[in-house]
Amino acid sequence: MITKFQVAYKNLLRKRVRSLLTLIGIALSAWVLVSLLGFNHGYETSLNKDIDNMGFELMLMAKGCPYEAATMMLKGGTGLKYIKESFMEDIAKEPEVEKAFPMLMSAVFDPNKGESGGIAGYFGVEAKSFAELKPSLKFRQGGWFTDVNAYEAVMGYEAAELEQREVGDKILMPDKNVEFKVVGVLERTGTQDDGTIFVPLKTLQKIFGRPDELTTIGIKLKKGVDSTRFEEKLYKLPDVQVVSLTQVKQTIMGLISTAKVMVLSIAIIAILIAMVGVINTILTSVWERFQEIGILKTIGAMPWDIFKLIWIETLILCTTGGILGIILALILSRVTDLVIRYVLPYAPSGGLVLIDLKLVLITMAAILCIGLLSGLYPAWKAGRIMPLEAIRGEVGR
Amino acid sequence: MSQKNISIEAINLKKVYLRGSEEIPAVNDVSMRINQGDFISIIGPSGSGKTTLINLLGFLDNPTSGELYLGGRSIFNHAKPLSERELTKIRRETFGYIFQNFYLIPTLTVMENVMLPLTFYRKPGTENEAVKLLKLLEMDHRKDHLPGQISGGEMQRVAIARAMVNRPEILLADEPTGNLDTKRSAEIVQVLQELNRNVGLTVIMVTHNQDLARHADRMFEMKDGQIRQID
């Protein structure tokens, strides 16, 4: 017994090159689609993870500090303004606050960084509070600073790799000519912490001549506190601005939304092209087999049988193309990740293209729906071929 | 084959085609009866209407007027021609067709081509019919070959097996030897003759070859849309 599936499948092999080209078109569309959906999913997940790893919900910073500074801070940027350290005590007293964390970011030009030098970021923190803030941080070697005024440094994984430093080694802060002893090297976190050099807050304040100043106070709120209301309260402090990390997230998402729309448009165009390709391939194949289809009707095929036969051909093309596209997307996700990272203004540290089972199933469902739609017209046309017209060789098209 | 008595009776059958405003009667007032087990041949020059007639007798087309009976049952109703679905049902239950151009599916093997009708419709008891037919038609050694790998005569044998796989009562053969040489043509007509004699199959064959047509029990000639039996 030969099934309709076998007949349809064998027919696709008749014009191998044409079927292959159609298949490639569908596979490329599926690749674009799954990568785009994976990007939408992955970017947000990684961004959320980055923000969760910050350990706090609000950042208090100096007024006039550009709003994008929040983004720059996430990246360890520079050009920040300063607030008074005394705000820390005021904020810590507030009943809504679970914990407040002082931070001072400084940056110096390092002529040895990269080919033509670069900015080296130093992060002044209190070892005790910072460890509470980020309990997930683990040491590959050593531990936190021994004293709040020590000239000691804890290096992020990548920073240590780049500088080739281990516990016990010295590092020189360029420009300031100050030497630090490396007391700890962190495990890889997949966040910007990997590239950061942490030093005691007091020491950094002393080096940069800002003994009572901070760049940022990170505020962790108690559970159930309305952060918007508390933000209003914070604005009573002089010359400050509050950035909520939800806001940061929204800003970043806003920045990439243009890129997303562009990629989505490309995906839609790719899918439409693939769809037209499928219709063209199947329709051409129907016309080429005009007489054959008519003969199938004389040997007992009902219009619905012919419709199914042609539809199965479309489904075989779309399913195979869809699976190939998804495999391609999985294999090339790292490359896609790098390309997107290069194009976007800001990219979080985790994987940008996250393709999971749910996404694969959604893409397959979408490709199959598109396939079924593409096959409708050719299948309907084939079902209407009259055996007599076919036998006479009349092209009743 | 079925033991049913399936005869075809045409009374004043007419098929008119329109060419612009001009009416062309391809089949003009044809009356004839074909009994179960008959082997008839229809000859005639090109354009005489023989293919149009076989298409009407094989329910591939609706006549313009006249009466058509299948097994005593009136099938054609001038007021309400049969739909393609209804024609298909009648065709697949009663008829088998073979054509000059074989129309085998090139991507399917000989066996698959023969079994193809069973994909769409299967009469009970036809499970091993394809194997039996290929053996009967001496094509079983070629069952795994593709149509492109066999000769024209062999292709027509495969087409006959395909037409026979659902055990039709009537086999319609429209110029079945038109693409074959004399030797192969004689072989094919012999096959049709054997099926008619051994299995009781009704055979209606259209041909332009008088020598082959003489193998039939009754011979008809078509001219200008009209038919007459040749003694």
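**Exercise 1. Work out where A:Gly143 is found, and whether A:Gly143 is buried or exposed.**

Start with the chain: A:Gly143 is found in the loop between strand S5 (139-142) and strand S6 (152-155) of chain A. Strands here are DSSP runs (E, at least two residues), helices are runs of H or I with at least four, and both are numbered from the N terminus. This is a predicted model, where local features need pLDDT of at least 70 and side-chain atom pairs count only at pLDDT 80 or more, while totals for chains, interfaces and linings use all residues. Residues are numbered from 1 along each chain as its sequence is written, with chains lettered from A and ligands numbered from 1 in the order in which they are written.

Next, count neighbours. A residue is buried if 20 or more other C-beta atoms (placed from the backbone) lie within 10 Å of its own, exposed if 12 or fewer, and partly exposed in between. A:Gly143 has 12 other C-beta atoms within 10 Å, so A:Gly143 is exposed.

Now look for partners, skipping neighbours within four places in sequence: A:Gly143 is in contact with A:Val183 and A:Gly184. Contact means C-beta atoms, placed from the backbone, within 7 Å. For A:Val183, 40 residues apart from A:Gly143 along the chain, the C-alpha separation is 6.1 Å.

**Exercise 2. Describe how H2(A) packs on H11(A).**

Two packed helices are described by the angle between their axes and the distance between the axes. Axes are lines fitted to C-alpha atoms, for helices over the stretch in contact, and angles run from 0 to 180 degrees between N-to-C directions.

The axes of H2 (residues 16-54) and H11 (residues 303-331), both of chain A, come within 7 Å and cross at roughly 50°. Cut-offs: under 35 degrees is roughly parallel, over 145 roughly antiparallel, 65 to 115 roughly perpendicular, and the rest oblique. H2(A) and H11(A) are therefore oblique.

Who's touching? Among the residues that meet are A:Ala27 and A:Trp31 in H2(A), and A:Leu317 and A:Gly321 in H11(A).

**Exercise 3. Summarise chain B.**

Chain B has seven helices and ten strands. Of its 231 residues, 48% are buried.

Terms used:
Contact = placed C-beta atoms within 7 Å.
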